[in-house]
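Here is a briefing on one protein model. Have the sequence and the 3D view at hand as you read.

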Amino acid sequence: MPATQQTTQTHDLPRVLGASHATAIVVGTIIGSGIFLVPHEMMRAVGSSGLVYLAWIVGGLLSLFGAMTYAELGAMMPYAGGEYVYIRNAYGDLPAFLYMWTWFAVAKPASIASVTSGLARTLAIFGVFAWLERPVFHGSNALYWSQLFAIGATWLITGLNYLGMKKAGDFQLIFTWLKAVLIVVIAGFCLFSHTGSLGNFRTSFTEAQGGFGGFMVAMIAVLWAYDGWNDLTMVAGEVKRPERSLPIALIFGLFIVGALYMATNAAIQYILPAAQIAASPRPAVAAMAVVSGHAGAILVSVAMALSIFVTLNGTIMSGARVPFAAARDRLFFQSIAHINPRFQSPSTSLVVQALLSTLLLLVVGRFQQLFELAIFAEWLFYMITATTIFVYRKRQPDAPRPYRVWGYPVLPALFVAASAVLLYFSYAENFKNSLVGTAIILAGVPLFLGIRRNYAGARV
């Protein structure tokens, strides 16, 4: 490969994360509000408990195949930026820049905005937070208190990450396991409750969309709930013994998530019939309200809020490393590569990311719009990144591989094919927002050409 397309990174950011921190980043970033909210969308899409479970299982396996593929890539190239590094070394500067630009301008700001909007949506359950659903001012472009709250949460967690990866990593580790315990407690309350019935698993929602299209809508929701396993690779430059820690965290972390998701889904369906799940925008809250009344609903809401905060931390820490890595390779504005001398964090990248998320929260306030804006761009580059494993196996067959994906080439190929199918359906189902995402990706081409001209002759 041409030397100009190699990503040779020094360890400017300190390696302070152990295997437990890395696993907590995988588990804590994946488990956000999704498991508590998407059973509603899934039941409305497929209409039966069996198909909901099938979607959870298929989505979990596809995510596992993707994580195994990324584990091989990450162990080979344990640098800041993750997918950006794999794409650049395999396909060159322009595809890598467009990935970085998409993550920087669309996917990560939209993910952060959707997570914080979900937090506001969750807290609004409580009477003391009812003001979150009220407008700050009325009119055609009304601004809601929930938007301002989401902006505040974005800056709070950005500030934590600004203080250094060790503090952000410790926060992730402690609160990930706390929320896992809360999820187990909630599932246990439901599954051992006398108010539940196995007969609920045989009920159906007759007004569901149904068919293959409905199943793919449910799959999009499932894969959004599993989304975030790739974030660990973006902070690989700060993980100790990455050749060992990255594969363990990615694969073991997904097994933990899958077990918690299946238990929670079983708990909800044990308590609520299909029609009630489809009618409730917060089915986990509704289930616990049946089991334990108002106290149960409060417990779920607290677990949701904590879960979202931990997800937000993982999303913010990972997102800032992608433009940082590109800037260090002179593929983006050099100021983005600044490392705070005191806290050893990519401070400028963190601040700019928070500013973009704030702008998006002010312009696009609805949770569903933010989710749709992010999902298309993410799956496009999941697919592209996964194809790089075939490039490296052919181009560098004898390169050291601390971890080799089991089932190669079948499992990576299945993940790529499934990504393409999901990409098509997410584009078709959310055409307007997907079109906006495409336009933003293509807008990166002239920006790339301008930056390349500016740094001509000064390449890494």
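Which helix holds both K166 and D170? Both residues lie in helix α7 (residues 165-191), 4 residues apart, which is about one turn of the helix. This is a predicted model: local features need pLDDT of at least 70, side-chain atom pairs count only at pLDDT 80 or more, and totals for chains, interfaces and linings use all residues. Residues are numbered from 1 along each chain as its sequence is written, and side-chain values use heavy atoms, with hydrogens and water left out. Helices (H or I, at least four residues) and strands (E, at least two) are DSSP runs, numbered from the N terminus.

**Salt bridges**

- Side chains of opposite charge can pair when their charged atoms come close.
- A salt bridge here is a side-chain nitrogen of Lys or Arg within 4 Å of a carboxyl oxygen of Asp or Glu. By this rule the count is 7.
- K166 and D170 make one of them, with the closest N and O atoms 2.9 Å apart.
- K166 has a relative accessibility of 40%, so K166 counts as partly exposed. D170 is partly exposed too, because its relative accessible area is 26%.
- E238 and R321 form another salt bridge, and their closest N and O atoms are 2.8 Å apart. This pair links distant parts of the chain. E238 sits in the loop between α9 (231-234) and α10, while R321 sits in helix α13, 83 residues apart.
- E238 is buried, at a relative accessible area of 0%. R321 is buried as well, at 1%.

**Helix α4 and its end**

- Helix α4 covers residues 83-91 and is mostly covered, with 8 of its 9 residues buried.
- Those buried residues are E83, Y84, V85, Y86, I87, R88, N89 and A90.
- After α4 comes G92, whose phi is positive, near 105 degrees.
- R88 also pairs with D93: their side chains meet in a salt bridge of 2.8 Å, N to O. Both partners, R88 and D93, are buried.

- Two packed helices are described by the angle between their axes and the distance between the axes.
- Axes are lines fitted to C-alpha atoms, for helices over the stretch in contact, and angles run from 0 to 180 degrees between N-to-C directions.
- Helix α5 (residues 93-123) packs against helix α13 (residues 321-328) at an angle of about 140 degrees, with their axes 9 Å apart.
- How do α5 and α13 lie relative to each other? They are oblique. The cut-offs are these: under 35 degrees is roughly parallel, over 145 roughly antiparallel, 65 to 115 roughly perpendicular, and the rest oblique.
- α5 and α14 have axes that come within 8 Å and cross at roughly 65 degrees. That makes α5 roughly perpendicular to α14.
- The crossing of α5 past α13 is left-handed, whereas that of α5 and α14 is right-handed. Left-handed means the near helix is turned anticlockwise from the far one by less than a right angle, and right-handed means clockwise.
- P109 is in helix α5. P109 is buried, because its relative accessibility is 1%.
- P109 and A354 are 245 residues apart along the chain, yet their C-alpha atoms are separated by 7.5 Å.

**Q269 in helix α10**

- Helix α10 (residues 242-271) contains Q269.
- Buried or exposed, which is Q269? Q269 is buried, with a relative accessible area of 2%.
- Q269 and L198 are 71 residues apart in sequence and 8.4 Å apart in space, C-alpha to C-alpha.

**A nonpolar surface patch**

- W131, V136, F137, W145, L148, L359, L362 and V363 form a nonpolar patch on the surface, with about 720 Å² of accessible area together.
- Elements giving two or more residues to the patch are β1 (135-137), α6 (145-162) and α14 (347-363). The largest share, 3 residues, comes from α14.
- Patches are made of residues with over 30% relative accessible area and no salt bridge; like charges are joined within 9 Å, and nonpolar side chains (Val, Leu, Ile, Met, Phe, Trp, Tyr) within 5 Å. Accessible areas come from the Shrake-Rupley method with a 1.4 Å probe, and for residues only the protein chains shown count as cover.
- L362 lies in helix α14. L362 is partly exposed, at a relative accessible area of 42%.

Notes
Buried < 20%, exposed > 50% of the residue type's maximum accessible area, 1.4 Å probe, protein only.
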